[in-house]
Amino acid sequence: MLFNSYPFIFVFLPVTLALFFLAGRFAARDVAVGFLALASVFFYAWWNWVYIILILAEVVFSFLVGRQLERTDLNDRQRRGILTSAIVLILLVLGYFKYTNFFLGVVSDLGGAQLGPWNIILPLGISFHTFQQIAYLIDAYRRSAKHYRLMDFCLFVTFFPQLIAGPIVHHNEAIPQIRRPGFLKPRGINLLVGMSLFGLGLFKKTIIADTLAQIANPAFTAAHAGADLTLVEAWMGALAYSLQLYFDFSGYSDMAIGLARMFNIRFPANFHSPYKAVNIADFWRRWHMTLSRFLRDYLYIPMGGNRRGPARQMTNLFLTMLLGGLWHGAGWTFIIWGALHG
């Protein structure tokens with residue numbers, strides 16, 4: 001179910017808002033939180049109900065592992081082993097769905113044998129909720145994650161505004177807001193701000209991005225077919241695609257932030273005029289900022305950051321961006337793109 005679809009705008013959203021706040025007024029807190037989690041699961045199931053099992057299994061698994069990492073009767077070595085095993089397992093699930101066919105293609109190209117592709121359908125949003133759960137597990141190991149309840153943690157991971165395309169919300173940002181007493185009561189200012197942000201994002205997506213796609217797509221289709229584009233056609237196609245990509249992704253982020261605000265949850269900003277950046281480092285402080293934050297806090301800094309000299313710092317930066325490129329998609333173009341930014 002897309003944010004810009006009629007079923008979402010005119011049925012799912014108003015019904016979910018109304019029933020959530022009615023449950024918050026007339027029922028117990030867990031009923032309201034459980035309803036919103038259930039509605040989010042329904043939203044996810046609209047695309048493919050089979051993957052409900054996967055995301056709920058990962059939620060329960062991460063929650064239970066987090067509880068183990070909170071234990072005080074385990075030494076650091078035991079806790080590190082639990083953390084490493086859990087992250088490896090979660091990444092294996094991500095790798096199977098997202099990268100199996102890519103690696104089969106690489107092996108086929110190198111060995112000359114046809115090994116794929118397998119018929120694997122990528123679950124929606126798996127890259128986003130995987131990062132959210134990894135951040136939670138690492139923070140639980142560091143003892144910087146609070147003791148959460150399963151219902152709240154489930155809503156945090158499955159909450160439909162950020163489930164498909166982000167932003168990558170941190171547990172310390174979202175769950176305390178879910179625990180606040182005012183979470184269950186409608187607030188006029190939040191509804192108005194949320195609807196405004198949603199409308200802005202909807203305009204970016206449907207009016208600007210989709211219009212620019214009508215310029216970019218023919219240019220790239222012609223180039224792929226081997227046609228010779230003029231200088232003007234090539235630049236128009238490239239620039240139209242650059243702007244289409246931004247307004248599409250930024251629009252979805254604005255809609256997600258607006259939707260969450262309607263439910264009294266503030267999401268972090270995800271874009272800050274990235275094409276005004278003065279260099280690559282500034283670009284990544286403005287583009288997909290929640291991803292940049294995750295890569296910094298859970299990859300770059302743990303690898304050593306800038307604490308071990310300039311050579312190691314540059315190596316860490318390069319590897320961080322290389323892996324960030326691979327996270328975006330399974331293909332050599334994504335790897336090359338990440339390497340160029342690194």
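Predicted model: local features only at pLDDT ≥ 70, side-chain atom pairs only at ≥ 80, totals over all residues.
**Phe160 and the core**

Setting aside neighbours within four places in sequence, I find Phe160 in contact with Phe3, Phe8, Phe12, Leu13, Thr16, Leu36, Ser40, Phe43, Leu259 and Phe263. I then looked up the largest nonpolar core, which has 78 residues. Phe160 is among the residues with the most contacts inside that core, along with Phe3, Phe8, Phe159, Phe183 and Phe263. Helix H10 gives this core its largest share, 11 residues. I also noted a second, separate core of 10 residues. Tyr51, Leu94, Phe97 and Ile126 are included in that one.

**Helix H1**

Next I followed H1, residues 6–26. Its 21 residues reach 29 Å from first C-alpha to last, close to the 30 Å expected. I find a kink of about 30 degrees at Phe12, shortly before the proline Pro14. I listed the buried residues of H1: Phe8, Phe12, Leu13, Thr16, Leu17, Phe20, Phe21, Ala23 and Gly24. What do they pack against? Their partners are helix H2 (29–45), helix H7 (160–163), helix H9 (188–224) and helix H10 (231–262).

**Aromatic pairs**

I searched the whole structure for aromatic pairs and got 46. One of them is Phe8 with Phe12, a stacked pair at 5.7 Å centre to centre and 25 degrees between the planes. Where do these two sit relative to each other in H1? They are four residues apart, so about one helical turn separates them. Residues three or four places apart in an α-helix point the same way, because a turn takes 3.6 residues. Phe8 has a relative accessible area of 0% and is buried. Phe12 is buried too, at 6%.

Tyr136 is in helix H5 (residues 126–142), while Tyr148 is in the loop between H5 and helix H6 (150–158). The pair therefore ties together parts 12 residues apart in sequence. Both tyrosines are buried.

Last, I went to Ala330, in the loop between helix H13 (310–328) and helix H14 (332–341). Not counting residues up to four places away in sequence, Ala330 touches Lys98, Tyr99 and Phe102. Its C-alpha is 8.6 Å from that of Phe103, 227 residues apart along the chain. I looked at Lys98 again: its charged end sits over the ring of Trp327, 5.3 Å from the ring centre.

Conventions
Residues numbered from 1 in each chain as written. Heavy atoms only, no water. Contact = heavy atoms within 4.5 Å. Expected span 1.5 Å × (residues − 1). Bend = angle between axes of the 7 residues up to and from the residue. Buried < 20%, exposed > 50% of the residue type's maximum accessible area, 1.4 Å probe, protein only. Core = buried A, V, L, I, M, F, W, Y, C linked by side-chain atoms within 4.5 Å. Phe/Tyr/Trp six-rings, centres within 6.5 Å; stacked < 30°, edge-to-face > 60°. Lys NZ or Arg CZ within 6 Å of the ring centre and 35° of its normal.
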